[in-house]
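Hello,

Here is the structure you are taking over. Please look through it before reading the notes below.

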Amino acid sequence: MKIDLTVNGQAASGEVEARTLLVDFLREQLRLTGTHVGCDTSQCGACVVMVDGKSVKSCTMLAAMADGCDLTTIEGLANGAELHPMQQAFMDNHGLQCGFCTPGMVMSGLDIVNRHGRELDAATVRRELNGNICRCTGYQNIVKSIREGARAMGD
Amino acid sequence: MYSFSYHRPASVAEAADLIANAADGKLVAGGQTLLPTMKHRLASPSDVIDLGAIAELGGIVVNGNIVTIGAMTPHAEVAASGEVQEAIPALAALAGNIGDPAVRNRGTIGGSIANNDPAADYPAAVIALGATVRTNRREIAGEDFFTGMFETALEEDEIIVAVDFPRPEAAAYMKFENPASRYAIVGVFIARTAVGARAAITGATDCAHRAHQLEEALANDFSPAALDDFQAPVDRMNADIHASAEYRAHLVRVMAQRAVAACA
């Protein structure tokens with residue numbers, strides 16, 4: 001079946017099987033490999049993307065379900081060579097070690113800002129990140145990065 | 001997952017036709033349980049009928065003392081709804097603590113209750129609040145809806161349209177959650193209504209159910225202390241790697257007492 005959608009502001013389309021997962025469509029067909037598959041069981045959050053402005057786990061959504069939707073992936077955040085403030089905050093605060101979970105952390109961070117604003121306390125960030133798993137950092141610098149990125153988004 | 005035919009009807013009537021004519025069809029709402037189940041090849045429907053494009057299944061309406069939540073309303077929308085927060089804050093809080101934020105953006109009330117996971121949160125609210133499940137064929141009383149583990153009163157190909165929740169005087173839901181899955185190891189929903197206390201338990205046994213014994217204990221004294229000597233039947237409790245039957249029985253009392261305290 002054919003699907004038509006908008007990805008990072010550009011029209012995209014593709015021929016998919018009904019059973020194609022959204023994350024596989026993004027990675028294999030659109031070659032947007034920044035969105036990762038960590039667990040494939042909707043636990044880890046490495047595959048989080050925005051669908052119509054809301055965070056979803058793209059390993060637990062069919063590509064067909066995204067037909068007609070407006071998607072943002074990690075590739076859609078930077079402005080050329082200039083990182084998005086949330087990405088920059090991860091870089092500045094050493095908010096990652098291996099980096100595998102980072103795309104999902106950044107997307108979930110943006111979702112937290114959308115719902116809770118730019119002044120975030122650590123407890124809110126930790127609670128709202130309970131669908132994103134990092135096996136390296138112990139989260140300390142991820143929480144710091146999201147709080148700082150949130151603040152920087154208004155600058 | 002195995003291959004299937006995908007359908008995206010625009011109306012309940014069209015969805016009913018599609019499911020009736022499918023060899024082994026499945027309705028999908030948010031897909032947060034069905035898709036993982038299909039990935040594990042524990043389900044392999046011939047046809048998947050996606051209810052996501054049916055506008056009439058969405059939305060929240062408060063009419064007098066009834067809060068109506070459309071079957072396809074995601075948990076995040078219920079949690080963020082000012083109307084639900086005002087009318088039944090316990091219901092908004094329950095929805096806001098299911099799974100994680102991304103799951104709440106996709107998972108729906110209709111999907112949750114149709115699936116009837118023994119540790120799901122919504123069934124406890126539907127039972128304790130005395131809600132009514134409306135389908136494309138009839139109305140089903142909340143406490144008659146959940147009939148067994150992953151079993152409901154829904155007939156073959158019947159489609160949930162909405163759930164009507166009567167506004168209680170006060171209500172609270174307390175769950176002791178599995179920190180990995182966020183499902184309830186034990187969850188207790190208590191409602192104080194014009195006709196007395198109502199209680200429902202999820203997670204503890206094979207199916208969410210009304211807790212008449214809790215209600216009787218609270219009938220004359222709606223206070224946490226009234227449950228000091230309450231003992232849930234250990235022989236009915238689930239036992240698994242997360243909690244023994246004895247521990248779950250203990251948690252039923254503790255969660256019930258916390259819920260009653262939160263109703264004050």
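The notes below go through the contact between the chains and then the domains.

This is a predicted model, in which local features need pLDDT of at least 70 and side-chain atom pairs count only at pLDDT 80 or more, while totals for chains, interfaces and linings use all residues. Residues are numbered from 1 along each chain as its sequence is written, and chains are lettered from A and ligands numbered from 1 in the order in which they are written.

Between the chains, 18 residues of chain B are in contact with 22 residues of chain A (C-beta atoms, placed from the backbone, within 7 Å). On the chain B side, β1 (5-7), α2 (34-39), β3 (47-50) and α6 (101-106) each supply at least two residues; α6(B) gives the most, with five residues. Helices (H or I, at least four residues) and strands (E, at least two) are DSSP runs numbered from the N terminus.

Chain A is divided into domain 1 (2-76) and domain 2 (85-152), with bounds from an automatic or database domain assignment. Their centres, taken over C-alpha atoms, are separated by 21 Å. In chain A, 14 residues of domain 1 are in contact with eleven residues of domain 2, and strand β3 (residues 48-51) of chain A brings the largest share of the domain 1 side, three residues.

Chain B has domain 1 (5-50), domain 2 (57-166) and domain 3 (170-263). Here 23 residues of domain 2 of chain B are in contact with 22 residues of domain 3 of chain B. On the domain 2 side of that contact, α8(B) gives the most, with five residues.

Regards

Terms used: Contact = placed C-beta atoms within 7 Å.
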